[in-house]
Amino acid sequence: MVDLKGQYNGIKDVVNPSIQEVIENTSFINGPKVHEFQKNLEQYLGVKHVIPCANGTDALQIAMMGLGLKPGDEVITADFTFAATVEVIALLQLTPVLVDVNADDFNIDIEAIKKAITPKTKAIVPVHLFGQCANMEAIMEIAKAHNLFVIEDNAQAIGASYTYKDGNKAKAGTIGHVASTSFFPSKNLGCYGDGGAIFTNDDDLAHTIRGIVNHGMYERYHHDVVGVNSRLDSIQAAVLDAKLPHLDSYAKARQNAAKKYNKAFEGYENIITPIVSNGCLKVCDTCDCHVFHQYTLKIKGIDRDALAKHLNAHDIPCGIYYPIPLHKQKAYKDKRYNENDFKVTNQLVKEVISLPMHTELNDEQIEYITATIIKFING
Ligand SMILES: Cc1ncc(COP(=O)(O)O)c(C=O)c1O
């Protein structure tokens, strides 16, 4: 699905010395590279505070801890996402409230959020799925009206922008009260191990979170709150700092690949290509609304699983993200859920298929992938 070796070959002249520097100065934990990367990412995103941590799951958990959410508080999130989002809600003994998503852009359904709000609701976690933002303007309005926190799960959309109705833009992860991201190797900004970060414009929250990531310490050996040990190590920061200047060109490479996929599938009614829901509504040359962490098709009227097998038989990797709705997972089932409230997710899990999407995809590969799919569709 990704070509990390190809990407590394293109940047190894920068990455290798950056890693070497950490090894030479032996500041493996909280070294200057972590600080440099943090500052550079703050500048890139236009956010006041980036707090690096060990991975994207920790980032979500720490964001929720920082907001002071308490057991029993209800947290609304999408039924159609990676399990990490709901996992940390449950782990903190908060109550996950899963809601349906939109059929067109796969992001959390605004009307479903409104319907799910109760007096116990304390937060909404929109997940910017597959590389584009949820409808943040509507979500922030709901949050304001009901006095809720908004925690953006930005693991899949770093570098994307959200376009407001008035045309202004903001980077994904800088709109809610706090956001999390993941630097898992296959993410749009991936390191060579695990990594993550929390973003916020709130000075007090940033201070609280900086203590939480470091055993609840604000002063050495003074543990004021219950914290965790969640650090981005300096070698990962060295990789990320070397890759950050390439993030926009990486997004462009993904968008170009998406455009070529879209073009090849034009006119095939069984294949629904992804839409860009914010801003310009299509993948265009100036668009940074969708950074295509995944390129996900919906397959209508033909056997999606047979197509996946066919692709694998032709040495083409593909992914089903996600095959089971979270509300049907053993760990997150809840008697309160009504199947009628998950019509879209229940359908999407049968139709979606993600194609290889990365910065190194070339025309020959795209032609081979699309021709193999079209041949299968044509029978
Ligand atoms: C939407 C979403 N949230 C959270 C995570 C968790 O990130 P990590 O694997 O770095 O813990 C992921 C990672 O795949 C993700 O896709």
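Predicted model: local features only at pLDDT ≥ 70, side-chain atom pairs only at ≥ 80, totals over all residues.
## Cavities, pocket and ligand site

Q: How much space lies in the largest cavity?
A: Cavities of 30 Å³ or more come to two. The space in the largest cavity is about 80 Å³.

Q: Which residues lie nearest the centre of the largest pocket?
A: The largest pocket holds about 480 Å³ of space. Its lining counts 26 residues. Nearest the centre lie Phe 82, Gln 156, Ser 182, Phe 184 and Lys 187.

Q: Which element gives the most to the lining of the largest pocket?
A: Two or more lining residues of the largest pocket come from each of H3 and H4. With three residues, the element that gives the most is H3.

Q: Where does the ligand sit?
A: Around the ligand there are 13 residues, and those that come nearest are Gly 56, Thr 57, Asp 153, Ser 182 and Lys 187. Ser 182 and Lys 187 are also among the residues nearest the centre of the largest pocket. The space taken by the ligand is the largest pocket.

Q: Which elements give two or more residues to the shell around the ligand?
A: The ligand takes up the space of the largest pocket. Two helices give two or more residues to its shell: H3 (56-66) and H4 (84-91).

Q: How far does a polar side-chain atom of Thr 57 lie from an oxygen atom of the ligand?
A: The cut-off for a polar contact is 3.5 Å. Gly 56 uses a backbone N or O atom, 2.7 Å from a ligand oxygen. Lys 187 places a polar side-chain atom 2.7 Å from a ligand oxygen. For the polar side-chain atom of Thr 57 the distance is 2.5 Å.

Q: What share of the ligand's exposed area does the protein bury?
A: Lys 187 has a polar side-chain atom 2.7 Å from an oxygen atom of the ligand. Taken alone, the ligand exposes 390 Å². Of that area, the protein buries 90%.

Q: How many charged residues does the shell around the ligand have?
A: By class, four shell residues are nonpolar and seven are polar. The charged residues number two.

Terms used: Residues numbered from 1 in each chain as written. Heavy atoms only, no water. Near = heavy atom within 4 Å. Polar contact = N/O pair within 3.5 Å; in protein donor to acceptor, adjacent residues only side chain to side chain. Areas by Shrake-Rupley, 256 points an atom, 1.4 Å probe, with all protein chains shown as cover. 1 Å grid on protein atoms, 1.4 Å probe; cavity = no way out; pocket = protein on both sides within 12 Å on 5 of 7 lines; lining within 4 Å. Sits in = over half its atoms within 2 Å of the grid points. Helix = DSSP H or I, 4+ residues; strand = E, 2+ residues; numbered from the N terminus. Nonpolar A, V, L, I, M, F, W, Y, C, P; charged D, E, K, R; others polar. Points joined across faces, edges and corners; volume = space filled by probe spheres on them.
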